[in-house]
Amino acid sequence: MQAWQVHENGEPSEVMRLQDVETPTPGDGQVLLKVRAANINFPDVLMARGQYQVRPPLPFTPGVEICGETEDGRRVIANPALPYGGFAEYAVADAVGLLPAPDSLDDAEAAALHIGYQTGWFGLHRRAHLEAGETLLVHAAAGGVGSAAVQLGKAAGATVIGVVGGAEKVSVARELGCDVVIDRRSEDVVARVKEATGGRGADVVYDPVGGEAYTQSTKVVAFEGRIVVVGFASGVIPSPGLNHALVKNYSILGLHWGLYATKNPKLILRCHEELTGLAARGAIKPLVSERVPLAGAADAVQRVGDGTTTGRVVIVPSLEAGSQGNKSQESGAAV
C-alpha cells in the first residue's frame, strides 16, 4: 500500500515521504481500516516537527482522524493507532474507539467531525457550561477548530463573535454564522469586542491560539466569564496573571480532550450522539474547504501548519492526483 512516512523531524513538506510499504497488521483489540478520508489536524504538523506531546517512533505515518471502512463494509470514524496513521490507504485503530459515521455527512465531512467538534462540545458545554443568550468569542473562527466552535455556539443559542486574520477569512466566518466578525489584521480586537457587547465583554472565550489572542481574551472576558484554553497554534504559550483573574472574577479552563478516552470514555460516546443529532438536523456541518488526493498530503499538511487554510483540508485517497480543490460551497459545508 501507499503511505506517507516521517523519517526525521522537521517541516511536513520536507520530511513527509510517500512510500510503498507493507499493509499494517492489527494487534490485539485492533482493526484494519480502509481509509476513505483523513482529516488534517494541527497535531499532525506538530508531530512531524517533533513538537507534540505524543511522539511516535520514527518512521511513522501521520493522520490522527479518519473516516474508514471496516472489513465488513461499515463506515466508521476513528483515531488511528500510531505509528499507522491515516495518511495512507490503510490504517490501524482500536476497535473499542470506533464510532459510526453519520449518514448525513459524506466521507470527508465525517472525517472532520470527531476531534474538532468533540473538543468544541467538551470545551463549550462540559467545561464552560455555555448557556443560550450568552456571548461567545472564538479566536481563529475560520479555521478547523474555530469553525466547529462557531457552529456549536450558534446551535446552543449563543451570540458568536469570531476573530480571524484576513478578508477572505472574514467572509468564511460570516458564512459560518458569526454574528460579529473581527479582522485582527486591520481592527482593534479589544475595542471591537467591547463595542459589540456594550462594554460587558464575552461570557465565554474559546482560544486555540494562545499568545496575543490570550492576552486579548483577558481584556474582553466578562464578569464571571470563562476562558477555555484548547491549544497554542501561535506557538506562544501564555503565562496567565492569576491576580488579574482574581480581580476580574473570571475562570481559566484548560481542555485536553484526549484525556477523556481513558478518564471518562462514556462521555465521548454521549458527545458523538449529540453531534450526530446536530448533523442530522443541519445545525452543524464540517467546513471542508478542500479535498486533496493522497499524493498532495505533504503540501496540504504544510499549508495547515502555515495557517493559510480555512476550515478543514481532507485527504481522500480515492481521488486522482490533479482532481483536488473542492470548495466549501461545492460540498455544502457552509451553514
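Modeller: Two strands pair if DSSP finds at least two bridges between them. Keep in mind that this model is predicted.

Colleague: What makes β1 and β2 a pair, and which way do they run?

Modeller: Five bridges join β1 to β2, residues 16-20. At least two are needed, so the strands pair. They run antiparallel. Across the pair, Val6 stands opposite Met16 in β2.

Colleague: Why is β1 called mostly covered?

Modeller: Strand β1 spans residues 2-6, and four of its five residues are buried. Buried means under 20% relative accessible area.

Colleague: Why is helix α4 described as largely enclosed?

Modeller: Ten of its 13 residues are buried, so α4 (residues 115-127) is largely enclosed by the rest of the structure. Among the buried ones are Tyr117, Trp121 and Phe122. Just after α4, His129 takes a positive phi of about 50°.

Colleague: Now Asp183. Where is it?

Modeller: Asp183 is in strand β10, residues 180-183. This residue is buried.

Colleague: How do you know that Asp183 has no salt bridge?

Modeller: The nearest side chain of opposite charge is Arg185, 5.3 Å away.

Colleague: Which residues is Asp183 in contact with, leaving aside neighbours within four places in sequence?

Modeller: Asp183 is in contact with Val164, Gly165, Gly166, Ala167 and Val170.

Methods
Residues numbered from 1 in each chain as written. Predicted model: local features only at pLDDT ≥ 70, side-chain atom pairs only at ≥ 80, totals over all residues. Heavy atoms only, no water. Buried < 20%, exposed > 50% of the residue type's maximum accessible area, 1.4 Å probe, protein only. Lys, Arg positive; Asp, Glu negative; His and termini not counted. Salt bridge = Lys/Arg side-chain N within 4 Å of Asp/Glu carboxyl O. Contact = heavy atoms within 4.5 Å.
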